[in-house]
Amino acid sequence: MKIKHSINLHKASTPLVVLGLMFAYQNFTLGPWVYLSLHGTYGLLWLLKDRIFPDKQWEQETSLGQGMFVFGELLLYWVAPFILISSGTVPSLPLVAAAISCNIVGIFLAYSSDAQKYYTLKYRPGLITEGFLARCRNTNYLGEVLIYLSFAMLTQHWLPFLIFGGFIAAIFVPNMLKKDRSLSRYPEFAQYKAQSGLLLPQLFGQIPANSEATGSIAE
């Protein structure tokens, strides 16, 4: 069993769970339909990404117990649709528009940067300092933040924001710092780090030339 199996199961189950909540609470208003569209499509794209350009960090072997634990942690992401649908809260049209825009930008950043990383390292291993990674060292995580921010926005409740903040602190930040430690083996990383942001893009300063060094990028 691999870690990705738990993650993929959660992604594939999410639209079914959201639909189940809609029927259970007989709530077919705008908010639940928009949430179903955004989170359901995100899950579908994740599964396609796993087939086309998979992420190495989710390919790690794991035990059944650890896989169940990972899936249990991911269940916290279903708190947002539960609150939205069970409460009957109807998000305003401007809020819906803002959530959709946030989600689209997040999807673009997350999957485009992952695709760049996958295919660059496939044909030219080394430190990547151009394209989506020129100004931000973790554009994929920035995209993920925007995606889940859009889900939380629709609920208009503090708890999904708190839960997602916990995921950022417990998973995203340690992974980003681990990646920095791995990339520090490249001599040009110090310059790249000074001219790029850990999560938010650094908009000023010269973009360093892409490295031709051999090796691999770790996340």
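Biologist: Which helices each supply at least two residues of the nonpolar patch?

Modeller: They are α2 (30-52) and α5 (93-123). Helices here are DSSP runs (H or I, at least four residues), numbered from the N terminus. The model is predicted: local features need pLDDT of at least 70, side-chain atom pairs count only at pLDDT 80 or more, and totals for chains, interfaces and linings use all residues. Residues are numbered from 1 along each chain as its sequence is written, and side-chain values use heavy atoms, with hydrogens and water left out.

Biologist: Which residues form the nonpolar patch on the surface?

Modeller: A patch takes residues with over 30% relative accessible area and no salt bridge, and nonpolar side chains (Val, Leu, Ile, Met, Phe, Trp, Tyr) are joined within 5 Å. A salt bridge is a side-chain nitrogen of Lys or Arg within 4 Å of a carboxyl oxygen of Asp or Glu. Here Leu 44, Leu 48, Ile 52, Tyr 119 and Tyr 123 form the patch, with about 530 Å² of accessible area together (Shrake-Rupley method, 1.4 Å probe). Helix α2 gives the most, with 3 residues.

Biologist: Is Tyr 123 buried or exposed?

Modeller: Buried means under 20% relative accessible area, exposed over 50%, and partly exposed in between (1.4 Å probe, protein chains only). Tyr 123 lies in helix α5 and counts as exposed because its relative accessibility is 63%.

Biologist: Why is α6 largely enclosed by the rest of the structure?

Modeller: It is so because 16 of the 17 residues of α6 are buried.

Biologist: What does Asp 180 contact?

Modeller: Contact means heavy atoms within 4.5 Å. Leaving aside neighbours within four places in sequence, Asp 180 contacts Arg 137, Phe 189, Lys 193 and Leu 198.

Key: Patches are made of residues with over 30% relative accessible area and no salt bridge: like charges are joined within 9 Å, nonpolar side chains (Val, Leu, Ile, Met, Phe, Trp, Tyr) within 5 Å.
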